[in-house]
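These are my notebook entries on one protein model with a ligand. I set down what I looked up, topic by topic.

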Amino acid sequence: MSNTHFQLVSQRFADLATKNPKPQGNAFGRLVRVAGGRLEVSGLKAGIGARCQIDREGMTPLNAEVIGFEGERLLLACEDTTAGVVPSALVRVETISDQVSVGDALLGRIVDGAGRPLDRKPLVLDECYPLRGKTLNPLDRSAISEPLDTGVRALNALLTIGIGQRVGLFAGSGIGKSTLLGMITRFSNADVVVVSLVGERGREVKEFVEDSLGQDGLKRAVVVATPADTSPLMRVSGCWRATAIAEYYRDQGLNVLLLMDSITRFAQAQRELSLSAGEPPVSKGYTPSVFSMIPNLIERAGIVGRGSITAIYTVLVEGDDLQDPIADLARASLDGHVVLSRQMADAGVYPAIDIEKSVSRSMLQITEQKHQDQARVFRELYATYEQNKDLISLGAYRQGSDNKIDSSIACREPIMEFLRQPVDTSTDFASDLVALQNFADAVDSGIESPSSSSLSQEIMPAQA
Ligand SMILES: Nc1ncnc2c1ncn2[C@@H]1O[C@H](COP(=O)(O)OP(=O)(O)OP(=O)(O)O)[C@@H](O)[C@H]1O
Ligand SMILES: [Mg+2]
């Protein structure tokens, strides 16, 4: 080995040692109690977040993390099931800091919550990033000033999302959250897409990678998959890891799109972890730490330096109840919410975006006045119809009684046509503005029913 090469290798080891400091002091302990997912260890000294290994009979050691302590005993949560763990098993501290390995080699790869490749190919990463991020000086953040082309007409034209914005996609189960996220993954113009699939069905991971991303989509994406059958620790770590990976690419000056499906599953996994650490529940079984961690996670997106993280989090609204505490917290912490409507999905209108209930708080900063005015007309017509829907469908409304309602009835079909977009068809920002202009012109000229073909003419087939 040449002298320079030797020095480089030594430096690399020295760097890794400082980034992944080894434990000092009491680095061994014994397992004294296992109750569900809660493991109690005595004799070990390590801080919260330290990574440990627990010896198992005839099996590979079990990875675990310190999540709390009670007196002299440390409380651990494990990455896998506790099968094979015996009383007084030896517990070792592996590392006292929670760092994530990152690097350009992650592009096109699918990893689990612990960063292990799920595609069974070797993965060599050369940098470390803090799992739970660094606190940012708010003055280092830049304002949102440019729109992101999502490739979805209803979003581009009516709920414009800015580069660096954080948006929630709210809906009950089975309304099309994952499908819409898949469309944005394929069609958006972000440089890198980091996808965190949390607590979803295992088969959905393969479907997402093969159908939603495809070969080409995967080339500019990183997928962190922690399906429902993984431990709560893995599900929570998967979300932090995906965010750390997004931060790595952001720091390279790239525009990153971070998609998390779903933040509700993150909250539920964190609830399991904190309940097992003895934290008391406060609302719907959720513990106070859940309510502090969600803003921490969300705050890591945004524009910092030359790069940005635009984040979209799906929020499962149980029983379509928009007052769910997690939905409520997410709505308050995010810069916009896109609500999907079960009624529209039932009527076969996909993506089932409820324009009346959805808001992009950054839209006014990043769009022109003309665009905003046209979008407002669209929303008013949509909302007027929705508010009088029962009267209209019962036949209780008499045409001519109210001009606004008359226009909303005339424009109903064109509005639905505007919102409809096949799952394999992309649009682009410029053509969406033209379609919105066509709609506004048709409304202005008082045409009873603006031609639907003039609205959808700009739709383009998805790129192969
Ligand atoms: N754009 C679309 N075009 C046609 N059908 C769709 C579309 N989006 C959703 N669907 C239908 O709705 C079903 C559920 O969609 P999806 O899995 O995206 O919902 P979800 O909200 O993510 O569900 P879950 O809450 O279970 O995660 C799909 O299997 C499909 O039948
Ligand atoms: Mg889904």
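**Overall make-up.** I counted 16 helices and 20 strands in the protein; helices (H or I, at least four residues) and strands (E, at least two) are DSSP runs, numbered from the N terminus. The model is predicted: local features need pLDDT of at least 70, side-chain atom pairs count only at pLDDT 80 or more, and totals for chains, interfaces and linings use all residues. Residues are numbered from 1 along each chain as its sequence is written, and chains are lettered from A and ligands numbered from 1 in the order in which they are written.

**Confidence.** I looked up pLDDT, the predictor's confidence in each residue, from 0 to 100. Its mean over the protein is 85, and 89% of the residues reach 70 or more. Residues 449–464 have a pLDDT below 50; beyond near neighbours in sequence, this stretch has 35 contacts in the model.

A residue is buried if 20 or more other C-beta atoms, placed from the backbone, lie within 10 Å of its own, exposed if 12 or fewer, and partly exposed in between. Among contacts in the protein with a separation of 6 or more, 72% join residues 24 or more positions apart.

**The barrel.** I asked in which order the strands of the barrel follow one another. Six strands close it in the order β1-β2-β5-β4-β3-β6, with antiparallel pairing. On average, neighbouring strands of this sheet are turned by 45° against each other, direction ignored. The axes are lines fitted to C-alpha atoms, for helices over the stretch in contact, and angles run from 0 to 180 degrees between N-to-C directions. Two strands pair if DSSP finds at least two bridges between them.

I then went through the pairs:

- β1 (residues 28–35) and β2 (residues 38–42) are joined by five antiparallel bridges, and Val34 has Leu39 of β2 as its bridge partner.
- β3 (residues 51–56) and β4 (residues 59–70) also run antiparallel, over five bridges. Arg56 stands opposite Met59 in β4, and Ile54 has Leu62 of β4 as its bridge partner.
- β4 and β5 (residues 73–78) pair antiparallel over six bridges, with Ala64 opposite Cys78 in β5.
- β3 and β6 (residues 90–95) pair antiparallel over four bridges, and Gln53 has Arg92 of β6 as its bridge partner.

Two of the hairpins I examined for their turns. The hairpin of β3 and β4 has two residues between the strands, and Gly58 there takes a positive phi near 65°. The hairpin of β4 and β5 has two residues between its strands, and Gly71 in the turn has a positive phi of about 60°.

**Ligand 1.** I listed the residues whose C-beta atom, placed from the backbone, lies within 6 Å of the ligand. They are Ala171, Ser173, Gly174, Ile175, Gly176, Lys177, Ser178, Thr179, Leu316, Tyr350, Pro351 and Val423. The shell divides into six nonpolar, five polar and one charged residue; Ala, Val, Leu, Ile, Met, Phe, Trp, Tyr, Cys and Pro count as nonpolar, Asp, Glu, Lys and Arg as charged, and the others, Gly among them, as polar. Helix α3 (residues 177–187) gives the largest share, three residues.

**Cis bonds.** The peptide bond from Tyr350 to Pro351, two residues of the ligand shell, is cis, with omega near -5°. Pro351 lies in the loop between α9 (342–346) and β18 (359–360). The bond from Asp261 to Ser262 is cis as well, with omega near 5°; Ser262 is in the loop between β14 (255–261) and α6 (263–276).

**Positive phi outside glycine.** Ser88, in the loop between β5 and β6, has a phi near 65°. Ser88 is exposed, because 10 other C-beta atoms lie within 10 Å. Arg120, in the loop between β8 (110–111) and β9 (127–130), has a positive phi of about 60°. Arg120 also counts as exposed, with 7 C-beta neighbours inside 10 Å.

**Leu297.** I placed this residue in helix α7 (residues 288–299). Is Leu297 buried or exposed? Leu297 has 24 C-beta neighbours inside 10 Å and therefore counts as buried. Not counting residues up to four places away in sequence, Leu297 touches Cys239 and Thr243.

Conventions. Contact = placed C-beta atoms within 7 Å.
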